[in-house]
Amino acid sequence: MSYCPKNKLLNLLKRGLKFVQLASTSAVVVVASTFAPRRASSSAATISSTSVVDDLQILKTKVCIIGSGPAAHTAALYASRAELNPILFEGWMANGVAPGGQLTTTSEVENFPGFPDGINGIELMDRCRKQSLRFGTQILTETVNKVDFSTTPFKVFTDSKAIIADSVIVATGAVAKRLDFPGSGEGPEGFWNRGISACAVCDGAAPIFRNKPLAVTGGGDSAMEEATFLTKYATMVYIIHRRDTFKASKIMQQRALTNPKIQVLWNSVVVGAYKDEITNNRVLGGLKVKNMVSGEVSDLKVSGLFFAIGHEPATKFLDGQLELHSDGYVVTKPGTTQTSVRGVFAAGDVQDKKYRQAITAAGTGCMAALEAEHYLQEIGSQEGKGD
């Protein structure tokens, strides 16, 4: 091994440090120019990797879609066919849900047009995904954790990428709130999708619920509406509510309380679910219900339980950059998907607190893509599209 004098070694280290600092400064300049708030040219609006710095890959696109459900993929389908080359972030277990959204938690979808025999929720979303890919959508399995809508072009961030987008479609959905008690979850010991659901309109007509006693837990308008809907199929519907009064509107309460097929269990909560031994333990057989006043726990023989305790829209990552309703849903201009920021659109359950259906989500996804295309035409982002 050769010997290097101490002074010479120190000089070499100093020269090396200066080189590293110079390289770092150059990288910062590249990123600063990349993020400068100027209108992207038509060539820059197509998907392209421009730089990798601080472990973030920089991409550019005309349309960035955030979400993975029917709204997101319908938007991607229309945007792709319009040759807008969209980037879609489907997330990775975003909000505790797999790519594909809430439908991936549904075993059988019977109310989506085109499938007379029904279709598995996961299969439906897999088909939607393949259709998006077929027409050229770039799908990235990463979760968006930050956005910057303060200037145009907009910026969308994940842990590994930064997207510069001329327009953005937010289609992140809303997650149904679920109660946690023994038997409420998934897996061999739980009855989620085997008797427990969070959408009566979606699942209530399924064979396992027809002509059976069912239960709904909640005390708001959603609980009243779902209980009333289930009376079409159930022999009896029990509303389980932890208080002695409902918070639902008077008219919704009246409809439920005067329905002969609805019975209310006041001051009660579900503390457990157990199997149906007649069906070889495959589905829900009943509930353990605790009276909050007496403390008594009793059995309630039902074949279905529907959570109606609200939804939580996936909007936290927006960090207040879009106008939201008090309950967190994105505010859109009536009859459109336009948000409070021009060029940013919202589709699906993230902006729909009323219907929350796969088909209505798909419809607003179409609207968002068409409105994004019109917006891009207005700002001149599509010049030279055919080049």
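User: Where does Asn211 lie?

Analyst: Asn211 lies in the loop between α4 (200-203) and β10 (213-217); helices (H or I, at least four residues) and strands (E, at least two) are DSSP runs, numbered from the N terminus. The model is predicted, so local features need pLDDT of at least 70, side-chain atom pairs count only at pLDDT 80 or more, and totals for chains, interfaces and linings use all residues. Residues are numbered from 1 along each chain as its sequence is written, and side-chain values use heavy atoms, with hydrogens and water left out.

User: What is the phi of Asn211?

Analyst: Most residues other than glycine have a negative phi. In Asn211, phi is positive, near 55°. At 62% relative accessibility, Asn211 is exposed (buried is under 20% relative accessible area, exposed over 50%, partly exposed in between; 1.4 Å probe, protein chains only). Asn85 also has a positive phi, about 50°. Asn85 sits in the loop between α2 and β3 (87-89) and is partly exposed, with a relative accessible area of 32%.

User: Which peptide bond is cis?

Analyst: Most peptide bonds are trans. The bond from Thr152 to Pro153 is cis, with omega near -5°. Pro153 belongs to the loop between β5 (146-148) and β6 (154-157).

User: At what angle do α2 and α7 pack?

Analyst: Axes are lines fitted to C-alpha atoms, for helices over the stretch in contact, and angles run from 0 to 180 degrees between N-to-C directions. Helix α2 (residues 70-81) packs against helix α7 (residues 358-379) at about 35°, with the axes 7 Å apart. Contact (heavy atoms within 4.5 Å) involves residues including Tyr78 of α2 and Gly365 of α7.
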